[in-house]
Number of protein chains: 2
Amino acid sequence: MTTIFDVAKKAGVSISTVSRVINNYPYVKDSTRKRVQKLLDEMDYVPNYNASSLVRKKTKTIAVMLPDITNSFFATMFHGIEERANQNGFVVIFGNTNEEIVREEEYVHIFLERRVDGIILDPVSPKGETLGPILKNKVPLVLVDREISGMEISLVSSNNRKGAAELTEYLIELGHERIGLITAASETSVFDMRNKGYVDALKRAGLEVRDEYIKVGVKPIPEVGQALVQSLLESDPPPTALFATNNFLAIGAVYGLRELGYSVPEDMAIVCFDELDIRTVLDPFFTSMNQQVYEMGVKAMDLLLKQINKELNGTEKIYLDPQLSVRHST
Amino acid sequence: MTTIFDVAKKAGVSISTVSRVINNYPYVKDSTRKRVQKLLDEMDYVPNYNASSLVRKKTKTIAVMLPDITNSFFATMFHGIEERANQNGFVVIFGNTNEEIVREEEYVHIFLERRVDGIILDPVSPKGETLGPILKNKVPLVLVDREISGMEISLVSSNNRKGAAELTEYLIELGHERIGLITAASETSVFDMRNKGYVDALKRAGLEVRDEYIKVGVKPIPEVGQALVQSLLESDPPPTALFATNNFLAIGAVYGLRELGYSVPEDMAIVCFDELDIRTVLDPFFTSMNQQVYEMGVKAMDLLLKQINKELNGTEKIYLDPQLSVRHST
DNA sequence: CTGTTAGCGCGTTCAC
DNA sequence: GTGAACGCGCTAACAG
């Protein structure tokens, strides 16, 4: 590829002059500017951004690490991030952590080597075990979705506790008094908050919080939801309604219920967190609490930008309110 | 951040020695290697990859441009690419083209500036209008999904024509003789091929290809599918079965049919290309021809790797066979 | 085994 | 207005 030097030689000027016209600096005679510009075009000159970032000391690159890009939740968030980054002249480099803490750790290292200007992370590590190098090097960092307790790091997430409480209250308003919870371990902040919101609502309504109505699985996936709902049905009396803390658990729950001949919502009402990709679902079924996912991505990028530009001292946490959408599962 | 120079000074050696231990070169005395390594760790040294790629002349970075990452089809493909790239020590930078040719053009320029080692592109531009700079600079390029006719560029895609023919034949075997086609403009290779496959099958079966059974929309989205199916029903006699060339069109078709009181498959059988995200669909409904999407991503990366490593002279085109999955819409 | 030197491609003073 | 010179952080000969 042609370099700034090649152009300079051909134009009979110094590289600094070429550099000046590339970067649109003043104090270049109009005639030479035009001459150089013409050569720039003719020679198909493409500036080497890496070389220039070496001296500018910023790469205009941010890194994004997400657990699973094939999950439409993360993909939508990613889209928001990318869009905003692009608008601000940033390029996005991406790493799928695959819910594996080792990959998160590896990617942190890789991205630091690339000298990214900032990082947006939906952490796999519940305690931020992988974050050391980022913090030590003071690289701007924004967490999304999942919070890490006890660490002062900027965050954009949803008001999970409040949303979960509202969702549970919705069931209570419908007249349900025995409400089951199907959820994942509290290790992940998101589920912790939703579990708490469920309890909040029950207590507020003066309903008993019964342990046998709370089923905790290892992973928030359909298979687990299916097993949990069946175990839930063994309680006596069984619940009349069910709160699944995410959509995959809810899907599994429906399968589990069907297997035993129960129908939804007649025999059991179901609500859950998160919407199923609306474009690919023929008949939206679940009454759900939907997060502002795209917005989360946008806000995360905005917050990161503030840190990169040093417009923020300290950290900031933003919680977006999820919204209830009533369908046929209740 | 600490540099190789800082470490060298503190260790009392030259920077080349430090460089040698960083890159695990031989010919370094074991004792000094250990001493340097210790300092490297203590001082939290993180190599500046951009600086080293400046001299190595490769960035170990590839760029991926896709039309819409929130579409699970592209997200799955992206996942395959990322996984494979990561395994081979490559980092992925991503650009969402949003189906806009302008963004594709901008991103091409941006990625060239970043001196990516290769590019994987699902092109928006039907004729490759944005590819000039890539080809001119001989940057390794692999197209995925959509083909650009008349250009010798490596490609990984599906055998769309064959798949469409098989899908149509499946309907014919079911006894249908009047089969409608709901599709998007042939400008995009993928739809062009599927349209041809439909015609192939009809001709092979000795069935008439009737123009009024072929409805072409501007975009492959539900709204369009909905309108097209209703226009299709105006033909006399109307078809008894329908081939939608992608899943979004199929969804729209179902809506359109319902609106007029038709039920699927009783009044109208439907088949389509592409599966709806299986994890988020409670009751898989459509009989569909499913592409090996993840595999496409993997193969695209492998092919790009071959070009980057100059193990391939010329170009290569790979077509994966899609697979039929029979459900309840037929 | 180790250090010196010369760049990689570019931005940025500082003179002229 | 313009150019020479230095340096960003690192690798790669080449000496020694």
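Student: How many residues of strand 9 (residues 269-273) of chain A are buried?
Tutor: In this predicted model, A269(A), V271(A) and F273(A) point one way from strand 9 of chain A, while I270(A) and C272(A) point the other way. Residues on either side are buried, and buried here means under 20% relative accessible area. The strand is mostly covered, and the count of its buried residues is five of five.

Student: Which residue in strand 10 (residues 287-290) of chain A stands opposite C272(A)?
Tutor: Strand 9 of chain A is joined by four bridges to strand 8 (residues 241-244) of chain A, and these two run parallel. The chain passes from strand 8 of chain A through helix 11 (residues 247-259) of chain A to strand 9 of chain A in a right-handed β-α-β crossover. Strand 9 of chain A also pairs in the parallel sense with strand 10 of chain A, over three bridges. In that strand 10, the residue opposite C272(A) is S288(A).

Student: Which side chain has an N or O atom 2.4 Å from a base oxygen of DNA strand C?
Tutor: Of the atoms of DNA strand C within 4 Å of the protein, 64% belong to sugar or phosphate, and the rest belong to bases. Phosphate oxygens of DNA strand C lie 3.0 Å from a backbone N or O atom of N48(A) and 2.8 Å from a backbone N or O atom of K29(B). The side chain that lies 2.4 Å from a base oxygen belongs to R20(B).

Student: Which helix gives the largest share of the surface near DNA strand C?
Tutor: The 29 residues surrounding DNA strand C divide into 13 nonpolar, 11 polar and five charged. The largest share, five residues, comes from helix 4 of chain A.

Conventions:
Residues numbered from 1 in each chain as written. Chains lettered and ligands numbered in written order. Predicted model: local features only at pLDDT ≥ 70, side-chain atom pairs only at ≥ 80, totals over all residues. Heavy atoms only, no water. Buried < 20%, exposed > 50% of the residue type's maximum accessible area, 1.4 Å probe, protein only. Pairing = 2+ DSSP bridges. Right-handed = clockwise from strand over helix to strand, strands pointing away. Near = heavy atom within 4 Å. Polar contact = N/O pair within 3.5 Å; in protein donor to acceptor, adjacent residues only side chain to side chain. Nonpolar A, V, L, I, M, F, W, Y, C, P; charged D, E, K, R; others polar.
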